[in-house]
Amino acid sequence: MAPETYIQHAIAILLLPLLGFVTLIFFGKRLPRGGDWLGMSFLFIALIMSLIVAFHKLTDGSGPIVWNFPWV
């Protein structure tokens, strides 16, 4: 995977639970069983995506994961 792909997947992993929360806030009462399956589906998809990204990053042999944080 390219570095841009990792960033896109990381953003999607962060936003999926938020999207599920917002969907349940606005449409939860109208969904069958209160939409419990929808919230769990979003979390499950985020889990699967994070496992895929972790597996690819740890096995691609590109060296250690380095995170630079510039201080303000």
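Reader: What should I know before I start?

Author: This is a predicted model, where local features need pLDDT of at least 70 and side-chain atom pairs count only at pLDDT 80 or more, while totals for chains, interfaces and linings use all residues. Residues are numbered from 1 along each chain as its sequence is written, and side-chain values use heavy atoms, with hydrogens and water left out.

Reader: How many helices and strands does the protein chain have?

Author: Helices (H or I, at least four residues) and strands (E, at least two) are DSSP runs, numbered from the N terminus. Here the protein chain has two helices and zero strands. Helix α1 covers residues 3-27. Helix α2 covers residues 36-59.

Reader: What span should α2 have?

Author: The expected span is 1.5 Å times one less than the number of residues. The 24 residues of α2 should span 34 Å. The end C-alpha atoms of α2 are 35 Å apart, which agrees.

Reader: Which residues of α2 are buried?

Author: Buried means under 20% relative accessible area, exposed over 50%, and partly exposed in between (1.4 Å probe, protein chains only). In α2 the buried residues are L38, G39, F42, A46, M49 and V53. G39 counts as buried because its relative accessibility is 15%. L43 also lies in α2. With a relative accessible area of 45%, L43 is partly exposed. Across the protein chain of 72 residues, buried residues make up 18%.

Reader: What is the accessible surface of the protein chain?

Author: Accessible areas come from the Shrake-Rupley method with a 1.4 Å probe; for residues, only the protein chains shown count as cover. The protein chain comes to about 6,000 Å². Carbon and sulfur atoms hold 76% of that surface.

Reader: Which residues make up the largest nonpolar core?

Author: In soluble globular proteins, nonpolar side chains tend to be buried together. A nonpolar core is a set of buried Ala, Val, Leu, Ile, Met, Phe, Trp, Tyr and Cys residues joined through side-chain atoms within 4.5 Å. The largest one here has eight residues: Y6, I13, L16, L38, F42, A46, M49 and V53. Both α1 and α2 give two or more residues to this core. α2 gives the most, with five.

Reader: Which residues does L38 touch?

Author: Contact means heavy atoms within 4.5 Å. Not counting residues up to four places away in sequence, L38 touches T23, L24 and L31. For the protein chain, take contacts with a separation of 6 or more: residues 24 or more positions apart account for 56% of them.

Reader: What does the side chain of T23 reach?

Author: T23 is found in α1. Its side chain reaches the backbone oxygen of L19 at 2.7 Å.

Reader: Which side chains meet in a salt bridge?

Author: Side chains of opposite charge can pair when their charged atoms come close. A salt bridge is a side-chain nitrogen of Lys or Arg within 4 Å of a carboxyl oxygen of Asp or Glu. By this rule the count is one. D36 and R33 form it, at 3.3 Å from N to O.

Reader: Are D36 and R33 buried or exposed?

Author: D36 is in α2. At 38% relative accessibility, D36 counts as partly exposed. R33 counts as exposed, because its relative accessibility is 64%.

Methods: Polar contact = N/O pair within 3.5 Å; in protein donor to acceptor, adjacent residues only side chain to side chain.
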